[in-house]
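Dear colleague,

I am passing on the structure below, together with a short account of what was found in it. Please read the notes with the model open beside them.

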Amino acid sequence: MNTSLTCKRCLYTESHPLGLVIDDDGICSGCRTHEEKDSLDWESRWRKLKEIVSPYRCLSGISYDCIVPVSGAQDSYFIVDLVKNKLGLNPLLVTYNKYFNTSLGIRNLANLRIKFDCDIVIQNVNPHSVKKITRTTLREFGSVYWPCLAGQTAFPVQTAVRYGVPLIIWGAHQGLEQVGMFSHEHEVEMTRRYRKDHDLLGKEADDLLSIFDTLNEDDIWQYRYPDDASLSQIGVRGIYLGNYVRWDPKAQHEAMIKQYDYQTASFVRTFDCYDYVDCFNYMGLHDLLKYYKHGYSKVTDHACREIRHGRLDRGRAQELVAHFEKNPAPHLEKFQDWLGMDQRGLQFILDQHRNPALFTQDRTGKSISRNDAFLNKALPEAITEVMGFEATSSLDYADEDRYITIGKGHP
C-alpha cells in the first residue's frame with residue numbers, strides 16, 4: 001500500500017518521480033520554491049537577464065542571436081514574444097516533429113512563425129525509425145514519448161552547434177516549477193545530465209541499442225546530444241526564462257490568445273485548455289501511462305500549479321482530479337493504427353507497466369487504483385466556468401481528425 005506523505009498545501013506526495021521533500025510543517029519543496037515568486041525582485045532579475053544575453057547579440061545582423069525551441073503549444077508564443085519583442089533578439093526557432101501532431105498544433109506553429117516573422121528549422125526524423133524507437137521505449141520503459149522528449153531536447157543543441165549560435169533560450173525548468181529541485185536564484189541552466197536522468201528516463205539514445213532489439217545506428221544517431229568538445233568549442237549554454245520572469249502559464253497563455261490569436265482546445269483528462277494542444281497523445285496515452293506508473297496524471301500537475309497561484313483551493317483541486325483522472329485516454333485508435341498494433345496488444349503492454357505498489361486487482365482481474373479516495377465526486381458546473389480556461393478551437397482544427405505527420409499550417 002502506498003503510504004507516501006502528501007503536501008498539506010498542494011496534492012503532490014513525497015514519491016513524486018522528480019524527487020520532492022516535505023518539511024516539518026507538511027509543505028513540499030515545490031510549494032516552498034513557488035513562494036519565491038512573491039518575494040523576488042523580478043525587475044532586478046529582468047535586468048540581469050538583459051545583461052546575460054547582451055554579449056550574444058550579433059551586431060552585424062548577419063547571424064542569429066540565439067536558438068529558441070518551439071512547438072505548436074505550451075509556452076512557445078510567450079517565449080518568442082519575450083525574446084524578440086522584449087529582449088530585442090533575433091532568434092532562430094527550432095522544432096522537432098513528434099508525428100503525433102494535431103491540426104490545431106500545426107496551425108498554431110504556422111501562426112507563430114508568421115506573427116513573429118522568424119526563421120524556423122524543423123527536424124523530421126525518418127518515420128520508420130521513430131516507430132521502431134517508439135515500439136522499443138513503449139515495451140521497455142512504458143513511454144511513447146521518449147523520442148519526442150529526446151528530439152525536443154537534442155535538436156536545439158545540435159542546431160546551436162551546427163549554426164555556431166551558442167545561446168539557447170528555454171522556458172521554465174520543470175524540476176524547479178513542480179518540485180522545487182532548485183531555487184530561482186540558483187539560475188540553473190540546461191544540462192546533459194538533467195536531460196538524461198529526468199526527461200529520458202535515464203536512457204540515452206545509445207542505451208537503446210541491443211542485440212535483442214531491431215534498432216540500429218541509423219535509427220538513433222539523430223537523438224544524440226552533442227559531445228562536450230563540440231559544446232565547448234561553440235560555448236553552448238541554455239538558460240531558462242523562468243529564473244528571470246515570474247512564470248504563470250495560465251496568465252501567459254491568456255495574454256498570447258489576445259495578442260497573437262494562439263488557439264486552444266479542451267481535453268477529457270484535465271481542465272487546462274492551453275497546454276499540449278499540439279499533440280494527440282500527450283494528454284491521452286502518455287498521460288495514461290504516467291498514471292499507471294506513478295499513480296497520478298497531468299491534471300494533478302495542473303491542479304497543484306493553480307493551488308500555488310492562489311486560483312484553486314485544495315478541496316476543489318481534489319474534486320477536479322477525481323473528475324478527470326479516471327476518464328479514458330482518447331485517440332488510442334490513432335496510435336494503434338500509426339504503430340500497427342491492435343487494442344488487445346496495446347492494453348497488454350500498458351498493463352505490464354502498472355505500478356504494483358499503486359494498483360491491485362479485484363476478483364475478476366480488473367486493476368484498481370489504491371488511491372481512489374476522491375473517486376465518484378461529481379462536478380456539476382462546466383469546467384471552463386469553474387477554472388476560467390477557455391477553449392477557442394478543437395484539436396481537429398480544419399476537420400482533420402488524424403495525425404498530421406507533415407503539415408504546413410493553416411494561415
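In what follows, contact means heavy atoms within 4.5 Å. Helices (H or I, at least four residues) and strands (E, at least two) are DSSP runs, numbered from the N terminus. This is a predicted model, in which local features need pLDDT of at least 70 and side-chain atom pairs count only at pLDDT 80 or more, while totals for chains, interfaces and linings use all residues. Residues are numbered from 1 along each chain as its sequence is written, and side-chain values use heavy atoms, with hydrogens and water left out.

Along the principal axes, the C-alpha atoms fill a box of roughly 70 × 50 × 40 Å. Of the 411 residues, 55% are buried, where buried means under 20% relative accessible area, exposed over 50%, and partly exposed in between (1.4 Å probe, protein chains only). Among contacts between residues at least 6 apart in sequence, 76% join residues at least 24 apart.

Helix H12 (residues 285-294) packs with helix H16 (residues 343-352) at an angle of about 35 degrees, their axes being 9 Å apart; axes are lines fitted to C-alpha atoms, for helices over the stretch in contact, and angles run from 0 to 180 degrees between N-to-C directions. From H12, Leu 285, Leu 288, Leu 289 and Tyr 292 meet Gln 347, Leu 350 and Asp 351 of H16. By class, this contact has five nonpolar, one polar and one charged residues, with Ala, Val, Leu, Ile, Met, Phe, Trp, Tyr, Cys and Pro counted as nonpolar, Asp, Glu, Lys and Arg as charged, and the others, Gly among them, as polar.

Two further residues lie in these helices. Asp 287, in H12, is buried, with a relative accessible area of 1%, and, residues up to four places away in sequence not being counted, touches Arg 269, Asn 281, Tyr 282, Ser 297 and Lys 298. Ile 349, in H16, is buried, because its relative accessible area is 19%. Leaving aside neighbours within four places in sequence, Ile 349 is in contact with Leu 138, Arg 139 and Met 341.
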